[in-house]
Amino acid sequence: CSGFPLSIFFIVINEFCERFSYYGMKAVLILYFKYFLDWEDNFSTAIYHTFVALCYLTPILGAILADSWLGKFKTIVYLSIVYTIGQAVLSVGSINDLTDHNRDGSPDNISLHIALSMIGLILIALGTGGIKPCVSAFGGDQFEDDQEEQRSTFFSLFYLSINSGSLLSTIVTPNLRAKECGIHTKQRCYPLAFGVPAVLMAVALVVFLIGNKMYKKVKPQGNVILQVSKCVGFAIKNRFWHRSKEFPKREHWLDWASEKYDKQLIAQTKMVLKVLFLYIPLPMFWALFDQQGSRWTLQATAMNGKFGVLSIEPDQMQIVNPILIVIMVPVVDYLVYPLIKKCKINFTPLKKMTVGMFLASMAFVAAALVQVQIDKTYPVFPAAGQTQIRLMNLGVTPATVQFQPQLQSVDVGPNETTGYMTFETSKLKSLNIISESVNKTQPLELLERQRYTLAFKWHLIDISSNLVLDNVTSKPEGRENFIRFINNYPFNVNVTVDDIPFGVLSPLSVSNYSIVPEPLVSLYISASMPLYSCSTSSRKLGVGGAYTISVDGCTDYKLNLTYFEDIAPSTVHMAWQIPQYFLLTCGEVVFSVTGLEFSYSQAPSNMKSVLQAGWLLTVAVGNIIVLIVAGAATLDKQWAEYVLFAALLLVVCIIFAIMASFYTYVDPNEIEAQFSGEEKEKDKKDQDGIEKEAEADSRM
């Protein structure tokens, strides 16, 4: 087809579907841990980065499996089956109704969901990592030696399919997650968000199999990674057995492998190890880079995602990176680098990588500044041994509340509320409410680390009161609010918001909090009373807040409502994350692209897979660094953790710059040509010797 093997189109479509599947699942994963499995942020982050690390460790296994035993085609097929099963298991594990037998909206057996999720993720990591080094190489195998131009075009199409799949999935799956679905109770639709990637992975497998008879399948020829590993291992072992002084030293420790391996392999291994030594500081860059999908997504959950008429989900902010990549790669290649060259600055690949590290470090400084502003909007919940209480006066007369025994006295105006006040739980026994010369004592039996609201009102000759446990321990997610109602009416009222029932409330009773998604315009609130019904549209509410709405009465069939803010809404806009994404993306462009280019330019032609494995290993180690830091969790403030990562990368950046200054660039082609020339000369000498010997024999 236009000079291309028809088989490559099946490979490109397969890659698009597989990348959609992987990035679509990965985009919502951290929020699944936090909100469905109910894991706290640090543990969610640790498990997320464990999964990503596993995804970048398994490519080495896949490469060895393909090159040494199964071949690329069978490896892709078998591991794609594993991959598809993993996606399906993860999707099933996210179905709330699977164990919600009492239909209260929460899984009754969370351990089953965790087990299914972990099994699914392990299978996905084996699948996606195992096929990662095989698919692009298998596509390259479809071309003949004289189709260099078509092969180059294929790789462009191949990487376009990767970016298209990841970009589209990062838009689609967060929207699917934001929908509500369920058999008995409506929940965030994680089964759909994971199910669609599972279907796409199944499609990827089917499409790949359709092209079976068209593929050119190269038989396994041994894996160079194993050869290099064996060469290094033998050199170390041989040096150990000949460590005494009676054996003369050799120029390089790898020369101890010369008894078993040829000089060319040893020289090539030396070049590879020289580059791999420079890889040692690189994991720190990836430790910061891969937090886009974890810490930065969690940061976005506490921000306002309203962009005009559009509302952005927290996990959709990750799309900024691929969009900026598309913009910045040509800008850097065709504008920035030529300008630097015109200024006669020797901007070597290693210097570019150093600048990339610095930019990533600055991205986390920007993230820390944003986090400081977010922290100002966070509620402060009670610590161990503490309780918080808030006063809400629903009457028309002012009141004074005395906390006993003689802790403090607080004045509360009509239709007003105080902020949450913190007390030692053991010391707060009761309180007195005084209004219009009426005194009422309210005994208290409080729990540690809990928040309470005391609602009260003076009516004629008595004071009515109700102590309510505020069972909210965090801000709501993204574009949602927690809303509850209190009945400040002398009759029972039945409250409904849009299609969400809040139930029948007796006088001064309070409903449970319900999650209410952000409306397009405003909420429609209705209340049924014994003789009539009233309704109204809510005032404009922020997102990410918690509200108590008091039903005060009805005038001309229009509800009279009073709004009390329990938790402040998210006021820091998601747009403030764009600078940190910009800095990190610029760092990626000059670090990642340049790093791969440098590695390939410094490696022998048959050793590029070793450097690819080493590069992927740095990504895995970077994610392991994050899970160690998140697991330790010694820092109370998130902004402090961002600063810590920025400082660590800055130190590593300086170390890398020093290491790079001692590096001498080589041309592998010259070295290979030298060995090739020596080999030809040796063959010629051998041939001359044979001819002379034959000539001597003929004379005899």
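Buried means under 20% relative accessible area, exposed means over 50%, and partly exposed lies in between, for a 1.4 Å probe and protein chains only.

## Basis of the model

This is a predicted model, in which local features need pLDDT of at least 70 and side-chain atom pairs count only at pLDDT 80 or more, while totals for chains, interfaces and linings use all residues. Residues are numbered from 1 along each chain as its sequence is written, and side-chain values use heavy atoms, with hydrogens and water left out.

## Overall dimensions and composition

The C-alpha trace of the protein chain spans about 140 × 60 × 55 Å along its principal axes. The chain has 16 helices and 21 strands, where helices (H or I, at least four residues) and strands (E, at least two) are DSSP runs numbered from the N terminus.

Of the 700 residues in the protein chain, 51% are buried. The chain exposes about 33,300 Å², and carbon and sulfur atoms supply 61% of this area; accessible areas come from the Shrake-Rupley method with a 1.4 Å probe, and for residues only the protein chains shown count as cover. Among the contacts (heavy atoms within 4.5 Å) with a separation of 6 or more, 72% are accounted for by residues 24 or more positions apart.

## Helix H1

Helix H1 covers residues 7-36, and its 30 residues should span 44 Å at 1.5 Å a residue; the end C-alpha atoms are 42 Å apart, which agrees. The expected span is 1.5 Å times one less than the number of residues in the helix. H1 bends by about 40° at Leu-29, the bend being the angle between axes fitted to the seven residues ending at a residue and the seven starting there.

Because 25 of the 30 residues of H1 are buried, the helix is largely enclosed by the rest of the structure. Just after H1, Asp-38 takes a positive phi of about 60°.

## Disulfides and other cysteines

The structure holds two disulfides, each a pair of cysteine sulfur atoms within 2.5 Å. With bonded cysteines counted along the chain, the disulfides follow the pattern 1-2, 3-4. In the disulfide of Cys-181 and Cys-189, the sulfur atoms are 2.0 Å apart. The torsion about this S-S bond is about 105°, so the link between Cys-181 and Cys-189 is right-handed. Cys-181 is partly exposed, at a relative accessible area of 23%, whereas Cys-189 is buried, at 5%.

Cys-534 and Cys-554 form a disulfide with sulfur atoms 1.7 Å apart. The pair links distant parts of the chain, with Cys-534 in strand E19 (residues 533-537) and Cys-554 in strand E20 (residues 546-555), 20 residues apart. The link of Cys-534 and Cys-554 is left-handed, with -90° about the S-S bond. Cys-534 is buried, at 3% relative accessibility. Elsewhere, Cys-231 is buried at 0% relative accessibility, and Cys-586 is buried at 12%. The cysteine sulfur closest to that of Cys-586 belongs to Cys-653 and is 15 Å away, too far for a bond.

## Salt bridges

Side chains of opposite charge can pair when their charged atoms come close. A search of the whole structure finds 14 salt bridges, each a side-chain nitrogen of Lys or Arg within 4 Å of a carboxyl oxygen of Asp or Glu. In one of them, the side chains of Arg-177 and Glu-313 meet at 2.8 Å, N to O. This pair links distant parts of the chain: Arg-177 is in helix H5 (residues 148-178), and Glu-313 is in the loop between strand E4 (310-311) and helix H11 (320-342), 136 residues apart. Arg-177 is buried, at 0% relative accessible area, and Glu-313 is buried, at 2%.

Arg-390, Asp-470, Arg-484 and Asp-566 are linked in a network of salt bridges. Asp-470 is buried, at 3% relative accessible area, and Arg-484 is buried, at 2%. Asp-566 also forms a salt bridge with Arg-484, the closest N and O atoms being 3.9 Å apart. Because Asp-566 lies in strand E21 (residues 558-567) and Arg-484 in strand E14, this pair ties together parts 82 residues apart in sequence. Asp-566 is buried, at 7% relative accessibility.
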